[in-house]
Amino acid sequence: MVNRTVPSAEPSPAAARPAGGRYARLWQSARATLDGNWEHDHTVPSRTLYPHQWSWDSAFIAIGWAHVDPERAWSELSSLFDAQWRDGRVPHIVFNPAVPATAYFPGPVFWACTEVVGAPAVATSGLVQPPVHALAAWHAYQRAPAPQARDALRRLYPRLVAQQRYLATRRDVGGAGLAAVVHPWESGLDNSPAWDDPLAAVPAEESVLRAYRRRDIVHAAAAHRPTDLDYARYVAVVTAYRAAGYRDEGLADRHPFLVECPLFNAAMGVAEHALARIAGEVDADPGPHRENAARITAAVVDRLYDPATGTFHPRDLRTGRLTPARTVLGLAPLILPDLPARQVEAVLAEATSARFGLAARMDRPLPSHDRTATDFEPLRYWRGPSWMNVNWLVRQGLLAHGQDRLAAGLRASMIELVETAGCHEYFHPETGAGLGSAGFGWTAALLLDVLAD
Ligand code: 9WN
């Protein structure tokens, strides 16, 4: 098995960039997108839809900055971790006080986090997102390993460790060594069919939305976004968590949405591998990180792999059952470099099936949901469209397991998609048309990364 998810090879200098050649214009336009979204110490995902800082966006975006302006990569990560809560959680949104409170729903007033003990002075949300930050920090360092980068890594390391500790302890609601997400927004794949069953059990009425104004459908087509009923449930789940002061004690007895997600937990496992590498650079002990990684990988296999479907599924802690949809979340554990051969083979079979269409030559990148499912929706957000970040993660997994031909096919399809449609937020999985916001941060950043690879 070849492990390149968290590479140990000599880093390539940041100067080695495709400044000329076939992709020069594409490279420049991705860079211009990042420049356009840069906001004093971080990058907004989108100037229209998402005018604040988002957690896992910043991680992916830092990887892109490392290729063109490494200082910004470290600023991106350190500004996010400046908003880390005392308990170690890294908030999924950090609000920019200079942006009007009504520019995004739900805004800082709705979250009311500055009133919570242990929250930072700056307004944030109370949720988290997949912990891809240690992986991103390691990738950024590999791309541009200057002494200043090592200093930034040294400062970040204890914060990354605290982030992992929060997830591994306070969020281990199921008691099996995995973290539970308490809201679909925490998964990053907000309206994935994976959440349909657990979300349907959350009591909510569309009418609650009359009290609020959705801003997303001012900037994007309503048919491409989650529905009003989805939003009513999102609001209900936040309201429950907020009412408990965003505390995690006793979640199992009171919280309406508790799920162990394969992507989230695979990210938590690969973060430990990345932390082991980072520890080696900052004079810390990599041993405990390796042990944590092995434990998390074993728990992901034990709790979330279904031999009957041959793929991974989220586990709903309210019912104890795996959720039935076969979504791209099920492929994410491939990023774990020590995933056992049996599960690697199963995930590859799932990924190369008609459901996802992975191949050494493929027209389009992976969709977010099973193309053959009756509820596959090619236009609606995480219910079918292709997204660059998830494709980037799966590609890392393919490289980690020596699947170079499949990784090359995926890479070519990702580049062609953005070359044709531009740096959109997501893409029609069949026509390749750009959907959601134009000028989207992680699309630009991860394009730079795959171009440079
Ligand atoms: C809610 C910023 C974020 C991404 C998420 C994506 C979307 C927010 C929204 O945008 O979520 O967090 O308002 O829809 O689903 O993955 O981080 O790009």
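Predicted model: local features only at pLDDT ≥ 70, side-chain atom pairs only at ≥ 80, totals over all residues.
What takes the space of the largest cavity? I checked, and the ligand does: its space is the largest cavity.

Next I looked up who sits around the ligand. I found 17 residues surrounding it, and the closest are Asp 57, Tyr 104, Gly 188, Asp 190 and Tyr 381. Sorted by class, the shell around the ligand comes out as 11 nonpolar, three polar and three charged residues.

Then I went through polar side-chain atoms and the oxygen atoms of the ligand. For Tyr 104, an N or O atom of the side chain is 2.5 Å from a ligand oxygen. Trp 56 also has a side-chain N or O atom 3.1 Å from an oxygen atom of the ligand. For Trp 54, I read 3.1 Å between a polar side-chain atom and a ligand oxygen. How much of the ligand does the protein bury? Taken alone the ligand exposes 420 Å², and the protein buries 99% of that.

Last, I looked up the confidence. The protein's mean pLDDT is 95, with 96% of its residues at 70 or more. Residues 1-16 have pLDDT below 50, and I noted 45 contacts in the model for this stretch beyond near neighbours in sequence.

How values were computed:
Residues numbered from 1 in each chain as written. Heavy atoms only, no water. Near = heavy atom within 4 Å. Polar contact = N/O pair within 3.5 Å; in protein donor to acceptor, adjacent residues only side chain to side chain. Areas by Shrake-Rupley, 256 points an atom, 1.4 Å probe, with all protein chains shown as cover. 1 Å grid on protein atoms, 1.4 Å probe; cavity = no way out; pocket = protein on both sides within 12 Å on 5 of 7 lines; lining within 4 Å. Sits in = over half its atoms within 2 Å of the grid points. Nonpolar A, V, L, I, M, F, W, Y, C, P; charged D, E, K, R; others polar. pLDDT = per-residue confidence, 0-100. Contact = heavy atoms within 4.5 Å.
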